Amino acid sequence: MFDKKQILYNGQYISGGLAESFSVNRAFLYGDSIFETMFVSKGEIHFFEEHLNRLIQGMKVLKYVVPDKFTVFKDKLKDEILQLMFKNKLFKSARVRLTVFRKSGGLYTPVINEVDYIINVTDPGNEKYVLNNTGYLIDLYDEIKKPINKFSSYKIANSLIYTLAGVYKNERKSDDCLILNERGNIIETISSNIFLVINNKLITPPIEEGCINGIIRNQIINFAKLYEIICTERPVQQNDLLSADEVFLTNSINGIKWVVAYKDKRYFKKMSNFFTNKLNEQFY
């Protein structure tokens, strides 16, 4: 029985379900997990289909068995998210994290490939996409470089490079840090994709460079096509940031955050304003 199994946690013996969870959960033991972070406002999960499709693609890369609830019965999954918001008294907006992990069993080698999932919701502090009034100060984290592989474009539990970049950011008193790939090119920041504006043209690293296949990133690329703004996906180097007129970051919770400075370079926020308005027009 689970209540007979004991572990030591910070010097204290604990037993029961908590002990079992620590002892066998593969997400905890091996980082055998993948997740999606979504924004909800006014009862609508923004870009739900896009998030779910990316999650399913990542699950297939990890050799997970995809549950019917994520495909045939995905409306049930959506209802669970909205009901959880209600139970947590988040009536206006929420930050949702959907975490999927392989069921317990085995050591490095799993016994089965079926999955469990956890959904949690928190208050994001915003009810729509709001562009920051004070621009971000960004720095460069180059102690560890992100490898390019099948996992690179998905949000997997092994996120130590982002964690350590966050520690470095705090040490440097910056707002965010640039992440490099194994080739030494800039691909993203701690929790965002990155766009540069040079001579009124957008530039962003391609997925093949190892960045997260961001949901808002793809929306910006689509907007650029719609409004006939040239957008080029190519490798980005540090010199490009020094040549840029504007730099902004994108993620699913914040939408767009504009960067005011990198080193001695200062930036504008013209396109940041434009794309923030276009994002909001889809929902408000």
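Are R54 and E36 buried or exposed? Both R54 and E36 are buried; buried means under 20% relative accessible area, exposed over 50%, and partly exposed in between (1.4 Å probe, protein chains only). The notes below take up this pair and other features.

1. **Basis.** This is a predicted model: local features need pLDDT of at least 70, side-chain atom pairs count only at pLDDT 80 or more, and totals for chains, interfaces and linings use all residues. Residues are numbered from 1 along each chain as its sequence is written, and side-chain values use heavy atoms, with hydrogens and water left out.

2. **Main core.** The largest nonpolar core has 25 residues. Such a core is a set of buried Ala, Val, Leu, Ile, Met, Phe, Trp, Tyr and Cys residues joined through side-chain atoms within 4.5 Å. I34, L55, M59, F70, V96 and V100 have the most contacts inside it. At least two residues each come from strand 3 (33–41), helix 3 (48–61), helix 4 (74–87), strand 5 (93–102) and strand 6 (115–122). Helix 3 supplies the largest share, 5 residues. Helices (H or I, at least four residues) and strands (E, at least two) are DSSP runs, numbered from the N terminus.

3. **V96 and a second core.** Leaving aside neighbours within four places in sequence, V96 is in contact with E36, T37, M38, V40, I81, I119, N120 and V121. Contact means heavy atoms within 4.5 Å. A second, separate core has 22 residues, including F39, V197, I229 and I256.

4. The structure holds 13 salt bridges. The term means a side-chain nitrogen of Lys or Arg within 4 Å of a carboxyl oxygen of Asp or Glu. R54 and E36 form one through their side chains (2.7 Å, N to O). This pair links distant parts of the chain: R54 is in helix 3, E36 in strand 3, 18 residues apart. R102 and D32 also meet in a salt bridge (2.7 Å, N to O). R102 lies in strand 5 and D32 in the loop between helix 2 and strand 3, so this pair ties together parts 70 residues apart in sequence. Both R102 and D32 are buried.

5. E209 forms a salt bridge with R183, with the closest N and O atoms 2.6 Å apart. E209 is in the loop between strand 11 (201–204) and helix 6 (215–226). E209 counts as buried because its relative accessibility is 4%. R183 is exposed, at 53%.

6. **N251.** This residue sits in strand 13 (residues 246–251). Its relative accessibility is 14%, so N251 counts as buried. The N251 side chain makes a polar contact with the S192 side chain (3.0 Å). A polar contact is a pair of N or O atoms within 3.5 Å; within protein, one must be able to donate a hydrogen and the other to accept it, and residues adjacent in sequence count only if both atoms are side-chain atoms. Beyond neighbours within four places in sequence, N251 is in contact with S191, S192 and I216.

7. **I144.** I144 lies in strand 7 (residues 136–146). I144 is partly exposed, with a relative accessible area of 36%. Apart from neighbours within four places in sequence, I144 is in contact with I161 and L164.
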